[in-house]
Every structure is written in C-alpha cells, then in structure tokens.
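Look at the model first, then read on.

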Amino acid sequence: MSESSTSYQPLGTERYKKIVFLTGAGISKASGLPTYRGKGGVWTTENVEDIGTKEAMEKDSLKIWRAYVPRHRKVLEAKPNAAHQAIADLQKRLGEKAWVCVLTQNVDGLHQAAGTESVIEAHGSLRRLRCTECSIKPWEITEDLTDEPPPCPDCGAPARFDIVLFNEPVDPMLGLQALAFLGDCDLYITVGTSGLVAPASQLIDIADEAGARTVFVNTEPEDGRYQEYYVGKAEELLPHLLR
Ligand code: APR
C-alpha cells in the first residue's frame with residue numbers, strides 16, 4: 001500500500017470484462033452530502049431508532065416524511081463530483097468492451113446524474129415516492145414537496161420516500177440483478193462505504209469467490225477483506241485509478 005494517493009498506479013481497467021462498483025455515502029461527500037457514520041454523519045446527530053427504521057415508519061410515517069423532505073431537497077441541489085464522473089467516463093470509454101455496473105447504497109441519484117447507466121440502487125432513492133399502503137410502482141418526484149405527503153395516485157393513502165429503512169427488505173429483484181453481475185465479475189471496487197450494513201457488506205465474499213481482483217477505496221482503510229487498499233478521497237483517487 002502506497003503512502004500517498006499520488007503514488008498509486010492506475011488500475012488498468014481496460015484489462016477487465018466485468019467491473020462492479022459498490023458505492024456508499026463517502027463518494028457523495030464532496031457533493032456536499034453527509035455520510036452516515038463518522039464525523040458529521042447523519043447517525044451522529046439523528047437517532048436511527050427515531051427516523052431510520054421500519055418500526056419508526058410504522059409508528060409515525062408523517063415524522064419520517066418531515067425528516068426526509070430537507071434531505072430530498074439537498075439531494076436535488078447536489079451535483080455529481082469527480083468520483084461519480086470518473087465512473088461514468090470509464091463506462092463510456094470502455095463501451096461494449098466491458099460491462100460496468102454500479103451497485104449503490106446511496107439514495108441521491110448522483111451516479112445517474114453523472115451519466116452512468118446500469119445503476120442498481122439497493123436502498124432506493126430520495127428522488128422517488130411510493131405508497132405507504134398499496135404496491136403501485138414507485139414514481140419520480142416532479143413537484144415541490146411540502147410538510148404533508150401527497151396522496152398515492154392509485155389508492156389515495158399518503159406517499160413515502162422510496163428508500164429502504166433498517167429492518168425493511170431490499171427488493172429481491174435487485175439482489176438477483178446484483179448477483180448476475182457479481183457472480184462472474186473480474187474487478188470489484190468498493191468506494192466510500194464503511195461496509196457495516198448488510199447485504200451490501202457481504203458482496204465482497206461473492207466477488208472473491210468469482211476470482212475477481214478486489215479493491216477498496218476509502219479515506220479509512222478499516223475493512224480487512226480486500227486484496228488492495230487505496231487510502232484517500234474518492235474524488236481525488238478515482239479519476240487517477242480509473243484513467
Ligand atoms: N472518499 C472516500 N471515502 C470517504 C470519503 C471520501 N471523500 N469521505 C468519507 N469516506 C468514507 C468513510 O471513511 C466511511 O468508511 O465513507 C464511508 C461512509 O460510511 P457510512 O457513513 O457508514 O456510509 P455507508 O457505508 O454508505 O452506509 C451504509 O447505512 O445508514 C445506512 O442506509 C444507510 O446506505 C446507508 C448504509
């Protein structure tokens with residue numbers, strides 16, 4: 001492992017056929033969005049039991065709505081940074097020569113805003129709503145949101161953000177899609193996630209089993225399960241590593 005981010009060699013991405021990224025809140029920090037843990041993290045100032053769980057939603061969905069409207073607004077204001085852009089540029093550059101897939105735990109839509117296609121949003125999106133009661137397909141938010149959730153266009157029940165809270169299941173279809181990419185990927189790159197939250201935290205084992213080169217990019221090299229560690233800010237490292 002090198003001392004300084006500038007001394008790292010680029011990963012040589014053109015040698016790979018199936019590249020999977022797993023991204024977390026750290027990749028969006030330079031876009032002005034907070035991480036969840038660590039200094040300034042959402043869960044250091046907010047109580048996860050109050051606004052971050054299935055049980056909290058069942059108890060008081062209006063409270064959750066009001067807690068997340070300001071986050072939704074922040075997400076709409078945020079712009080992709082150099083790390084999001086480096087992944088989008090890589091996908092474009094490799095074109096049909098390789099698959100590039102992004103599995104993200106982020107709910108900000110910034111990978112898509114940078115132009116990346118095939119993004120799997122494991123924890124949903126603050127840019128979409130769904131119904132608190134019926135199973136109508138989630139819909140894009142096109143209006144300014146207020147303190148009161150809009151009604152579901154199908155059944156009239158209050159809407160909620162289309163995000164996955166703790167103790168809520170991740171859509172199993174997304175899991176299958178992710179496995180289809182991970183099962184035979186040859187390069188697996190984790191960026192800006194503490195790796196503490198399942199099921200995303202378990203994907204390294206699948207990539208490892210597939211025989212992939214496994215790479216961890218983070219300001220803190222706390223995870224011990226990867227072959228290679230690149231320590232620094234994603235927005236500085238990725239443009240260099242992926243060039
Ligand atoms: N570049 C790279 N990594 C960074 C940067 C940066 N500029 N800034 C912070 N990091 C790293 C931190 O060292 C930390 O390991 O990003 C990670 C952020 O970790 P978390 O805050 O735990 O975020 P994440 O891993 O995405 O959380 C997973 O937990 O609360 C739930 O649903 C929420 O999706 C979220 C999930």
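Helices and strands here are DSSP runs, numbered from the N terminus; a helix needs at least four residues, a strand at least two. The model is predicted.

**Backbone**

Ser118 sits in the loop between α6 (110-114) and β3. Its phi is positive, about 50°, although Ser118 is not a glycine. Pro199 lies in another stretch, the loop between β7 (187-191) and α8 (203-209). The peptide bond from Ala198 to Pro199 is cis, and its omega is near 5°. Both features deserve a look, because most residues other than glycine have a negative phi and most peptide bonds are trans.

**Ligand site**

Which residues come nearest to the ligand? They are Arg37, Trp43, Thr193, Ser194 and Asn218, out of 23 residues around it. By class, the shell holds six nonpolar, 11 polar and six charged residues.

| Residue | Protein atom | Distance to a ligand oxygen |
|---|---|---|
| Tyr36 | backbone N or O | 2.7 Å |
| Arg37 | side-chain N or O | 2.6 Å |
| Gln105 | polar backbone atom | 3.1 Å |

On its own, the ligand has 740 Å² of accessible area, and the protein covers 93% of that.

**Second largest pocket**

The second largest pocket holds about 570 Å³ of space. Its lining counts 26 residues. Arg130, Pro138, Asp162, Val164 and Asp171 lie nearest the centre of this pocket. The lining divides into 11 nonpolar, five polar and 10 charged residues.

Which helices and strands each supply at least two residues of the lining? The helices are α3 (54-59) and α7 (172-182). The strands are β3 (119-121), β4 (124-131) and β6 (159-163).

Why does the second largest pocket lie between domain 1 and domain 2? Both domains give residues to its lining, so the pocket lies between them. Domain 1 spans 1-33 + 80-123 + 170-243, and domain 2 spans 38-77 + 124-163.

Key. Residues numbered from 1 in each chain as written. Predicted model: local features only at pLDDT ≥ 70, side-chain atom pairs only at ≥ 80, totals over all residues. Heavy atoms only, no water. Near = heavy atom within 4 Å. Polar contact = N/O pair within 3.5 Å; in protein donor to acceptor, adjacent residues only side chain to side chain. Areas by Shrake-Rupley, 256 points an atom, 1.4 Å probe, with all protein chains shown as cover. Nonpolar A, V, L, I, M, F, W, Y, C, P; charged D, E, K, R; others polar. 1 Å grid on protein atoms, 1.4 Å probe; cavity = no way out; pocket = protein on both sides within 12 Å on 5 of 7 lines; lining within 4 Å. Points joined across faces, edges and corners; volume = space filled by probe spheres on them. Domains from an automatic or database assignment.
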